[in-house]
Amino acid sequence: FDTAKFGQHILMNPLVAQGLNATLPLTMQQANLKQTDVVLEVGPGTGNLTVRILEQCRKVVAVEMDPRMASEVTKRVLGKPEQRKLELIIGDFVKADLPYFDVCISNTPYQISSPLVFKLLSHRPIIRTAVLMFQREFALRLCATPGSNLWCRLSANVQLFATVEHIMKVGKANFRPPPLVESSVVRMSPKNPPPAVRFEEFDGLNRVVFSRRNKTIRACFQAKGVKDLLEANYKTWCSETGKLLEDGFDFSQYIETILVDSGFGENRAAKMDVADLLKCVRLYPLFGDKAC
Ligand code: SAM
């Protein structure tokens, strides 16, 4: 197999495979796999994890991009009762239309980590939980807390929609061939109902404030390119909603009033939590789809 092309590092240590399953019932009651569950697996590879998941649920939907790997998984269940419980979708997970599923369990190719997370979070109906293996650094950024070194746009965007926990570290030696990086398993449990904010607006704010995470919000908003974009967004919003701007309207003054009234002017993204960022994005219509 061309392992580099598809990120194919097969999980050899059965304890980790068991661990991935076991973390569900062990650590979060709501997430424990039920016999009635439909489980999504992304990149089943040769099916080491798939066969274990199949023992514990009603159905597995597995999305595999490499047809040779897909036929390996198929062979493993051929003629067994599990065969009926496995639905295999051959194709790119990022582009695939997903059917209904309750839970996602996956040792995924790390090159699709970010699209995977956001595809799972935007899936409807909202899934119960996802237990996922990622590159250690990516996993730690998902779980990072405000004020820590790893707190970033990714942490805030994901934690807006989900509770994320670091479950365990998995060393390189557990894979064949060993990857270059260390791995970690995280559990991501979407908030249900989701917060009432448009993701594009929240992410628009985060792009601005995390690009200079140790600078004040005032400095971020007043940076040249940013201020022009915010002004353009605000004026578009005014014309769309019929709000008339006074003659001589001064956008810099307008922004300054917002920052002073809200008290956010001296804050820094590095230390703002999701609740602060939510308050900040809800202040004024500055972060539309076209923002930044
Ligand atoms: N889950 C298996 C295991 O734990 O042993 C294999 C994991 S391997 C890291 C990743 C698998 O994802 C490979 O089988 C690879 O072919 C598949 N893959 C890579 N990119 C993919 C994509 N975009 N969509 C679906 N599968 C993909």
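Valine 61 stands opposite glutamate 87 in S4. That is one spot along the S3–S4 pairing, where 5 bridges join strand S3 (residues 59-64) to S4 and the two run parallel. Strands here are DSSP E runs of at least two residues and helices are H or I runs of at least four, numbered from the N terminus; two strands pair if DSSP finds at least two bridges between them. This is a predicted model, so a local feature needs pLDDT of at least 70 and side-chain atom pairs count only at pLDDT 80 or more, while totals for chains, interfaces and linings use all residues. Residues are numbered from 1 along each chain as its sequence is written, and side-chain values use heavy atoms, with hydrogens and water left out.

Zooming out, the open sheet has 7 strands in the order S4-S3-S2-S5-S6-S9-S7, with mixed pairing. Its edges are strand S4 (86-90) and strand S7 (162-170), each pairing on one side only. From one strand to the next, the twist averages 20 degrees. Helix H7 lies across S7 and strand S9 (183-190), running at about 120 degrees to S7; axes are lines fitted to C-alpha atoms, for helices over the stretch in contact, and angles run from 0 to 180 degrees between N-to-C directions.

## The whole chain and its cores

The chain has 12 helices and 9 strands. Of its 292 residues, 48% count as buried, meaning under 20% relative accessible area with a 1.4 Å probe and protein chains only (exposed is over 50%, partly exposed in between). Taking contacts (heavy atoms within 4.5 Å) with a separation of 6 or more, residues 24 or more positions apart account for 70%.

The largest nonpolar core holds 65 residues, and Leu40, Leu120, Met188, Phe221 and Leu286 touch the most other members. Such a core is a set of buried Ala, Val, Leu, Ile, Met, Phe, Trp, Tyr and Cys residues joined through side-chain atoms within 4.5 Å. A second, separate core of 13 residues includes Leu33, Val39, Leu86 and Ile105.

## Aromatic pairs

A search of the whole structure turns up 11 aromatic pairs. Rings of Phe, Tyr and Trp (its six-membered ring) pair if their centres lie within 6.5 Å; planes under 30 degrees apart are stacked, over 60 edge-to-face and the rest tilted. Tryptophan 151 and phenylalanine 210 have ring centres 6.2 Å apart and planes at 70 degrees, so they go down as edge-to-face. They sit 59 residues apart, tryptophan 151 in the loop between helix H6 (136-143) and helix H7 (153-161), phenylalanine 210 in helix H8 (residues 199-211). Tryptophan 151 is buried at 1% relative accessibility, and phenylalanine 210 is buried at 10%.

Tyrosine 234 and phenylalanine 251 are a tilted pair, with centres 6.1 Å apart and planes at 40 degrees. Both residues are buried, and ring pairs link Tyr234, Trp237, Phe249, Phe251 and Tyr254 into a cluster.

## Two cis prolines

The peptide bond from arginine 124 to proline 125 is cis, with omega near 0 degrees. Proline 125 is in the loop between helix H5 (113-121) and strand S6 (129-135). Another cis bond joins asparagine 192 and proline 193, with omega about 5 degrees; proline 193 is in the loop between S9 and H8.
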